[in-house]
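Subject: Structure handover

Hello,

Here is the structure I said I would pass on. My notes on the ligand site and on some helix pairs follow below.

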Amino acid sequence: EDPVREARFQARVDAEEKIEPNDWMPEGYRKTLVRQIAQHAHSEIVGMHPEGNWITRAPSLKRKAALLAKVQDEGGHGAYLYAAAETLGVSREELVEQLLNGKQKYSSIFNYPTLSWADMGIIGWLVDGAAIMNQIPLCRCSYGPYARAMIRICKEESFHQRQGYEIMVTLCRDGTPEQKAMAQEALNRWWWPVLMMFGPSDKDSQHTDKSMRWKIKRFTNDELRQKFVDATVPQGHYLGLTFPDADLKLNEETGHWEFGEIDWAEFKRVIAGDGPCNRQRMKQRKDATENGVWVREAALAYAEKRKARRDA
Ligand code: FAQ
């Protein structure tokens, strides 16, 4: 602890100066960033699996090309985020190790199965929609490398969100009754898990106070969840869909959509490892790491050979 340096650091944060990798920072700030950025990176990589499930079954060449590009973008986002975390003095290998041994998490949302094609529409519309709501403020995060990675990621996420909503429009407004029913069934399954992406309610959030003071987070979990509901409900109504929440209603005075109670027991169960797909996702991740050993070794050997040739 160093109160003088901490006060100077906080003054820089308060003045909206960006903190850069070689600047002094409190240990708690570094730890919070490593935790959040790593969790975010792991989410991007694990998040490739639910949609990857549908690449070979996309209904047209156009849909297949767009989905393939989206899933590749997610891999790219994971790569920028691991690079941002590495500026804080941890290696990507250590982070992956911590994911595999259960010390670090990834977003709860990627523990749900993708059962129909409509889920590809829902993931783009709602999961990317929630991700954007959360990430736009992160573009102003006090830590420079994370904020800059977020700017680029958000541009790509907005393309992802539109491709998802366009799938929903096709199913719901131009589609057959069966297609519309498929879209409704997907919304019923995903709505509540998507609201959980924003994290525990403010009264239960452990990290929000500090993260707000350090200007890592700019809004609380509940504030972002409310913004998301307000933006999304009219979009669902435009599609002619209903939300699986009997308590959802517009408060004319505040202009906000009020919604029912989230099942926090389900949220806790899923982040503790007992969601519908946790075991499958972790196995896929572990297999990918093991099956990729020879590729990493070959790339390293090639780089060393080239370097030796250059130095000769
Ligand atoms: N799932 O004290 P807080 C994407 C944990 S978008 C799992 O409120 P904080 C794009 C939390 O880590 C998804 N765990 O924590 C995409 C903490 O546990 P810990 C990724 C959760 O950090 C789209 C504990 O609960 N986006 O990938 C969740 O202040 C489509 C207490 O919570 C990001 O990661 C959850 N939902 O606020 C990809 C955004 N919520 O770490 C493919 C960056 C909370 O002490 C397809 N992250 N926890 O063990 C954030 O903004 C924050 O970390 C929050 C949580 C808002 C998620």
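How far is an oxygen atom of the ligand from an N or O atom in the side chain of lysine 217? The distance is 2.7 Å, which counts as a polar contact (a pair of N or O atoms within 3.5 Å; within protein, one must be able to donate a hydrogen and the other to accept it, and residues adjacent in sequence count only if both atoms are side-chain atoms).

The model is predicted: local features need pLDDT of at least 70 and side-chain atom pairs count only at pLDDT 80 or more, while totals for chains, interfaces and linings use all residues. Residues are numbered from 1 along each chain as its sequence is written, and side-chain values use heavy atoms, without hydrogens and water.

At methionine 196, a polar backbone atom is 3.3 Å from a nitrogen atom of the ligand. On its own the ligand exposes 1,100 Å², and the protein buries 93% of that (accessible areas by the Shrake-Rupley method with a 1.4 Å probe).

There are 34 residues around the ligand (one heavy atom within 4 Å). Those that come nearest are Lys105, Ser205, His207, Lys217 and Asn221. The shell divides into 12 nonpolar, 13 polar and nine charged residues (Ala, Val, Leu, Ile, Met, Phe, Trp, Tyr, Cys and Pro are nonpolar; Asp, Glu, Lys and Arg are charged; the others, Gly among them, are polar). Helix 2 gives the most to it, with six residues (helices are DSSP runs of H or I, at least four residues, numbered from the N terminus).

Helix pairs

Helix 4 (residues 61-86) and helix 5 (residues 92-100) pack at about 110°, with axes 9 Å apart (axes are lines fitted to C-alpha atoms over the stretch in contact; angles run from 0 to 180 degrees between N-to-C directions). The two helices are therefore roughly perpendicular (65 to 115 degrees). Ala79, Tyr82, Ala85 and Glu86 of helix 4 make the contact with Arg92, Leu95 and Val96 of helix 5 (heavy atoms within 4.5 Å).

For helix 8 (residues 177-196) and helix 10 (residues 221-238), the angle is about 145° and the axes are 10 Å apart. Here Trp191, Val194, Leu195 and Met196 in helix 8 meet Arg225, Phe228, Val229 and Thr232 in helix 10. This contact has six nonpolar residues, one polar and one charged.

Regards

Conventions: Parallel < 35°, antiparallel > 145°, perpendicular 65-115°, else oblique.
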